[in-house]
Amino acid sequence: MEVGSVTGWGMVGLAGVIAAGFYYALCIAGAAEQKGKRAVELGGGSLTREQVKSHYHQYAAFFEKPKQIETPGNVPNLVDTFYNLVTDIYEWGWGQSFHFSPAVPGKSHRDETRLHEEKVADLLQLKPGQRVVDVGCGVGGPMRAIAAHSQSHVTGITINDYQVARARSHNKKAGLDHLCEVVCGDFMNMPFEDNSFDGAYSIEATCHAPVLQDVYAEVFRVLKPGHLYVTYEWVTTPQFRADNAEHVEIIHGIEHGDALPGLRSYKEVGEIAKAAGFEVLQDRDLALPPAHPWWKRLKMGRLSYYRNHVVIALLSFLGIAPQGVVDVHEMLFKTALHLTRGGETGIFSPMHLLVCRKP
């Protein structure tokens with residue numbers, strides 16, 4: 001009788017531990033960098049619950065018909081759909097800064113991210129009170145880091161209205177809404193006056209542009225003469241070979257999983273900036289040695305992916321998360337594998353730096 005009681009209590013205890021674990025994962029654990037999204041809140045951005053699955057299939061279909069993704073007019077809608085699908089998952093599983101950073105020995109992922117963002121402010125030589133535009137701001141992680149570091153006023157633009165709401169909420173919670181504002185719009189046609197900003201930057205955002213020169217031309221237009229634009233670009237490197245089947249598969253996998261109309265070569269981006277009217281002061285890859293691997297975080301996060309996937313599958317099964325979220329999460333995991341291989345082979349960099357000045 002006593003043995004049975006002990007066994008029974010042991011099972012109850014085990015069940016309690018499991019339940020507590022799921023409660024923590026579902027209701028308490030927030031984003032990797034700062035609590036902001038819980039698993040039970042995962043959704044489809046501005047999409048209704050019923051739209052998530054169909055919009056995921058529409059997104060995937062773009063890449064099954066190459067001519068669709070090659071048509072510039074289709075790209076803004078594609079990118080908007082992509083960020084409706086992935087924003088909650090990014091915040092929950094990665095953080096509020098949707099970009100990579102070089103690994104820094106002894107530093108946390110959060111500190112690595114902050115240092116990479118503050119580098120932008122330092123390159124721009126920002127001063128308190130100056131106005132700077134964040135071109136493709138997401139939910140505003142970099143914006144808040146740069147505003148806090150420089151005390152400049154940052155205006156972000158994103159094509160996704162759900163991200164606007166998320167960024168404004170985060171800005172207020174961080175006590176930085178007096179320095180940070182966000183507008184919804186297309187960075188190829190920005191709703192700002194000519195010569196109105198003291199600085200501009202983009203962090204792994206203009207890779208979504210169907211025509212990169214159109215974005216650079218818009219940045220050139222809104223930037224004051226004599227002032228700087230800093231951008232981290234996604235590019236193929238000198239190691240990429242178009243006749244290498246594995247290389248092509250890796251790059252296509254990155255494009256498919258990140259809503260890219262086509263990655264540019266490292267040789268192109270500086271020339272495109274010059275064609276837009278800029279003087280290019282720096283043109284170099286921040287991922288090269290002595291920098292430590294930026295993809296290290298992806299490899300370390302594989303166990304977390306499997307844990308998160310179980311959580312998302314359970315939420316979907318229970319009807320808490322919308323149908324289709326599991327498909328989106330699986331797509332992002334496959335993309336992480338391609339990104340990791342891109343880093344390991346050296347054929348891809350997410351941090352090719354351009355520092356440009358408007359004459």
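Setting aside neighbours within four places in sequence, Cys207 touches Glu233, Trp234, Leu260, Pro261 and Arg264. That's one spot in a predicted model of a chain with 13 helices and eight strands. Of the 359 residues in the chain, 52% are buried. Take the contacts between residues at least 6 apart in sequence, and 77% of them join residues at least 24 apart.

- Cys207 has a relative accessible area of 5%, and the cut-off for buried is under 20%, so Cys207 counts as buried.
- One of its contacts is Trp234: 27 residues separate Cys207 and Trp234 in sequence, while their C-alpha atoms are 6.0 Å apart in space.

**Lys119 on helix 5**

- Lys119 belongs to helix 5, which covers residues 109-124.
- Its relative accessibility comes out at 31%, so Lys119 is classed as partly exposed.
- Leaving out neighbours within four places in sequence, Lys119 has contacts with Tyr232, Arg284 and Leu286.
- Lys119 and Ile146 are 27 residues apart along the chain, and 8.8 Å lies between their C-alpha atoms.

**Strands 1 and 2**

- Strand 1 (residues 131-135) and strand 2 run parallel, and five bridges join them.
- As for who faces whom, Val132 stands opposite Val154 in strand 2, and Val133 has Thr155 in strand 2 as its bridge partner.
- Both strands are mostly covered: four of the five residues of strand 1 are buried, and in strand 2 (residues 153-158) five of the six are.

**Helix 12 against helix 13**

- Helix 12 (residues 302-318) packs on helix 13 (residues 325-345) at an angle of about 165 degrees, and the two axes are 9 Å apart.
- That angle is why helix 12 counts as roughly antiparallel to helix 13.
- The crossing of this pair, helix 12 and helix 13, is left-handed.
- On the helix 12 side, the contact takes in Arg302, Tyr305, Tyr306, Asn308, His309, Ile312, Ala313 and Ser316; on the helix 13 side, they meet Val325, Val326, His329, Glu330, Phe333, Leu337 and Thr340.
- By class, the contact of helix 12 with helix 13 splits into eight nonpolar, five polar and two charged residues.

**Helix 4 against helix 13**

- Helix 13 also packs with helix 4 (residues 75-93), here at an angle of about 80 degrees and with the axes 10 Å apart.
- Because of that angle, helix 4 is roughly perpendicular to helix 13.
- Phe82, Leu85, Val86, Ile89 and Tyr90 of helix 4 come up against Val325, Val328, His329, Met331 and Leu332 of helix 13.
- The contact of helix 4 with helix 13 holds nine nonpolar residues, one polar residue and no charged ones.
- Val325 and His329 of helix 13 turn up in both contacts, the one with helix 12 and the one with helix 4.

Note on methods. Residues numbered from 1 in each chain as written. Predicted model: local features only at pLDDT ≥ 70, side-chain atom pairs only at ≥ 80, totals over all residues. Heavy atoms only, no water. Axes fitted to C-alpha atoms, helices over the stretch in contact; angles between N-to-C directions. Helix = DSSP H or I, 4+ residues; strand = E, 2+ residues; numbered from the N terminus. Parallel < 35°, antiparallel > 145°, perpendicular 65-115°, else oblique. Left-handed = near helix turned anticlockwise from the far one by under 90°. Contact = heavy atoms within 4.5 Å. Nonpolar A, V, L, I, M, F, W, Y, C, P; charged D, E, K, R; others polar. Buried < 20%, exposed > 50% of the residue type's maximum accessible area, 1.4 Å probe, protein only. Pairing = 2+ DSSP bridges.
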